[in-house]
Amino acid sequence: MIGMYWIIDIALVIGDLLLAIMIVRNYYSIGFTRIGRLLLIASLMFLLEGLVMLVTYYKWAIMGYDETIALPSLAITASSLVGIAILYYISKL
């Protein structure tokens, strides 16, 4: 059974992924310019990072790792979510 911390971790990563998808969508229209291409590549890297985090956290949860792994990863995921939320706000400007 997956613990509560892992469920929160995975939910935050899904939020990360959704914001990364919206950032890619915002930068897609300016992807033909030099700065737009760089921003699009950076946002695609955040999307890839979210996918890797989702797979890793799910694997760790299934393997039965407890809160000694889940709590530090929860802090990392929460800070990542805050950073991506700020980038999403900037991408809307």
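Analyst: Rings of Phe, Tyr and Trp, the last by its six-membered ring, pair if their centres lie within 6.5 Å. In this predicted model, ring pairs link Trp6, Tyr57, Trp60 and Tyr65 into a cluster.

User: How many aromatic pairs does this rule give?

Analyst: The rule gives four aromatic pairs. In one of them, that of Trp6 and Trp60, the ring centres are 6.2 Å apart and the planes stand at 65 degrees. Planes over 60 degrees apart count as edge-to-face, so Trp6 and Trp60 form an edge-to-face pair.

User: Which helices hold Trp6 and Trp60, and how many residues apart are they?

Analyst: Trp6 belongs to helix α1 (residues 4-28) and Trp60 to helix α2 (residues 34-63).

User: What makes the pair of Trp60 and Tyr65 stacked or edge-to-face?

Analyst: The centres of the Trp60 and Tyr65 rings lie 6.4 Å apart, and their planes are at 90 degrees. The cut-off for edge-to-face is over 60 degrees; the pair is therefore edge-to-face.

User: How do you know whether Trp6 is buried or exposed?

Analyst: Trp6 has a relative accessible area of 2%. Buried means under 20%, and Trp6 is therefore buried.

User: Why is α1 called roughly parallel to α3?

Analyst: Helix α1 packs with helix α3 (residues 67-91) at an angle of about 20 degrees, the axes being 9 Å apart. Angles under 35 degrees count as roughly parallel, and α1 is therefore roughly parallel to α3. The crossing of α1 past α3 is left-handed.

User: Which classes of residue make up the contact of α1 with α3?

Analyst: The contact has 21 nonpolar, six polar and four charged residues.

User: What makes Arg37 count as partly exposed?

Analyst: Arg37, placed in helix α2, has 42% relative accessibility. That value falls between 20% and 50%, so Arg37 counts as partly exposed.

User: Which residues are in contact with Arg37, leaving aside neighbours within four places in sequence?

Analyst: With those neighbours left aside, Arg37 is in contact with Ile30, Gly31 and Phe32. The C-alpha atom of Arg37 is separated by 12 Å from that of Asn26, eleven residues apart along the chain.

Conventions. Residues are numbered from 1 along each chain as its sequence is written. This is a predicted model: local features need pLDDT of at least 70, side-chain atom pairs count only at pLDDT 80 or more; totals for chains, interfaces and linings use all residues. Side-chain values use heavy atoms; hydrogens and water are left out. Rings of Phe, Tyr and Trp (its six-membered ring) pair if their centres lie within 6.5 Å; planes under 30 degrees apart count as stacked, over 60 as edge-to-face and the rest as tilted. Helices (H or I, at least four residues) and strands (E, at least two) are DSSP runs, numbered from the N terminus. Buried means under 20% relative accessible area, exposed over 50%, partly exposed in between (1.4 Å probe, protein chains only). Axes are lines fitted to C-alpha atoms, for helices over the stretch in contact, and angles run from 0 to 180 degrees between N-to-C directions. Angles under 35 degrees count as roughly parallel, over 145 as roughly antiparallel, 65 to 115 as roughly perpendicular and the rest as oblique. A crossing is left-handed if the near helix is turned anticlockwise from the far one by less than a right angle, and right-handed if clockwise. Ala, Val, Leu, Ile, Met, Phe, Trp, Tyr, Cys and Pro count as nonpolar, Asp, Glu, Lys and Arg as charged, and the others, Gly among them, as polar. Contact means heavy atoms within 4.5 Å.
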